[in-house]
Amino acid sequence: MNHSPERITLRQPDDWHLHLRDGDMLNVTVMNTARVFRRAVVMPNLTVPITTVEAAVSYRKRILDSTPVGMAFTPLMTAYITSNLCPEVLEKGFRNGVFIAAKLYPANSTTNSAQGVSDLRSIDSLLETMESIGMPLLIHGEVVDRDVDVFDREVVFIERHLVPLLVRFPRLKVVLEHITTEQAVEFVDTSSSKIAATITPHHLHINRNAMFDGGLRSDFFCLPVAKRERHRLALRKAATSGKACFFLGTDSAPHLRAFKESSCGCAGIFNSPYALESYAEVFEQEGALDRLEAFASEYGPVFYGLPLNEQSVTLIKQNQVVPDFVEVLRNEQTSEKLVPFHAGETLRWTLLMGPNK
Ligand code: NCD
Ligand code: ZN
């Protein structure tokens, strides 16, 4: 990595946690990710979740068909864990190189998670197989009990479910996705090298106040929900610490404006259009630009046992104003809107388009 006060050139990064959606949305989501990321772990929570190898292969083809000509992008597919899933399906998909990992959503914890898991014990046979074949388990780590405060959901999940799960499966590779609390940071930091966490750009920039700034602001509503300032500070410290257990995963999760604005607005922040620029700003503010490359481009592939990317990308110190909307074309006549993270703000870094050859 090469950086001066005006320019950073780093190995091309990957996004280890991404929602690309499907259908009309794919052109926009894939383009905004592939413009900077070489690979991405694609979450399986479609309206009909990805629970078979065939469904993953066909979704991967739709993603590749939506990748702009001239952009090299590899979607890394995941399986959606249900209580009915057979271990053989996971094993077959993993051994064939279709599934890179499997995602655990506690039932009703987030978007399209109704078919997720209510009783973790019911998937022990899946976890046993995953542990023995070295297939990573990606976890949405929140409890959904109504008697648990929404801001405590992650911490209670770790205590109540993750710790016992890791006692049952000590050799299982686990990524605790999109961590939001100092307790999660501490937990991952002090666990074995089999446990890692992704950190999103939005959880590094906003705390829970952003959702209530002058009114109810659904653009800043995501799950797990942003927490108090001290948690944001702990996440910034973790991301910029140079520790290999923390790496980049945007959790970019677009929902059309109309669905965000409804009286029961969807959770998710669409951050992929300026993701690397957003992370760079944090690393610069923390005086850690020299650690951005490892966080964005090295620790993820090392955890997953994949080669590092060969290409590089360059950010230059040039202000850019983030647009209020990104359009999704429905057909020739109609388009709908997505609000990108940082809408209306000025970012200090700008990506020179496309990876360096
Ligand atoms: C994600 C989505 O919309 O798919 N939403 C979010 O707020 N992060 C799901 C998830 O990762 O929880
Ligand atoms: Zn997600």
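User: Which residues does valine 148 touch, not counting residues up to four places away in sequence?
Analyst: In this predicted model, valine 148 sits in the loop between strand 7 and helix 5. Close sequence neighbours, up to four places away, are left out of the count. The residues that valine 148 then touches are Val143, Arg153, Val156 and Arg160.

User: Is valine 148 buried or exposed?
Analyst: A residue counts as buried under 20% relative accessible area. Valine 148 falls below that cut-off, so it is classed as buried, with a relative accessible area of 10%.

User: How far apart are the C-alpha atoms of valine 148 and serine 122?
Analyst: Along the chain, valine 148 and serine 122 are 26 residues apart.

User: What distance separates the end C-alpha atoms of helix 5, residues 153–168?
Analyst: Helix 5 has 16 residues, and at 1.5 Å a residue it should span 22 Å. The model agrees with this expectation, because the end C-alpha atoms of helix 5 are 22 Å apart.

User: On which residue is the kink in helix 5 centred?
Analyst: The kink in helix 5 is of about 35 degrees.

User: Which elements do the buried residues of helix 5 pack against?
Analyst: The buried residues of helix 5 include Arg153, Val156, Phe157 and Leu162. The buried residues pack against helix 4 (124–133), strand 7 (137–139), strand 8 (174–176), helix 6 (182–189) and strand 9 (195–199).

User: Which residues are the closest to ligand 1?
Analyst: Ligand 1 is surrounded by 15 residues. The closest of them are Arg21, Thr110, Thr111, Leu223 and Asp251.

User: How far apart in space are glycine 268 and aspartate 251, C-alpha to C-alpha?
Analyst: Glycine 268 is in the loop between helix 9 (257–261) and helix 10 (275–285). In sequence, glycine 268 and aspartate 251 are 17 residues apart. Their C-alpha to C-alpha distance is 8.0 Å.

User: With which residues is glycine 268 in contact, leaving aside its neighbours within four places in sequence?
Analyst: Glycine 268 counts as buried, at 8% relative accessibility. Leaving aside neighbours within four places in sequence, its contacts are Phe221, Cys222, Ala253, His255 and Lys260.

User: Which residue has the backbone oxygen that the side chain of asparagine 309 reaches at 2.8 Å?
Analyst: Asparagine 309 lies in the loop between helix 11 (292–304) and strand 11 (312–321), and is buried with a relative accessible area of 7%. Its side chain joins that of arginine 39 in a polar contact of 3.2 Å. The backbone oxygen reached at 2.8 Å belongs to glutamine 12.

Note on methods. Residues are numbered from 1 along each chain as its sequence is written. Chains are lettered from A and ligands numbered from 1 in the order in which they are written. This is a predicted model: local features need pLDDT of at least 70, side-chain atom pairs count only at pLDDT 80 or more; totals for chains, interfaces and linings use all residues. Side-chain values use heavy atoms; hydrogens and water are left out. Helices (H or I, at least four residues) and strands (E, at least two) are DSSP runs, numbered from the N terminus. The expected span of a helix is 1.5 Å times one less than its number of residues. The bend at a residue is the angle between axes fitted to the seven residues ending there and the seven starting there. Buried means under 20% relative accessible area, exposed over 50%, partly exposed in between (1.4 Å probe, protein chains only). Contact means heavy atoms within 4.5 Å. A residue is near a molecule or strand if one of its heavy atoms lies within 4 Å of it. A polar contact is a pair of N or O atoms within 3.5 Å; within protein, one must be able to donate a hydrogen and the other to accept it, and residues adjacent in sequence count only if both atoms are side-chain atoms.
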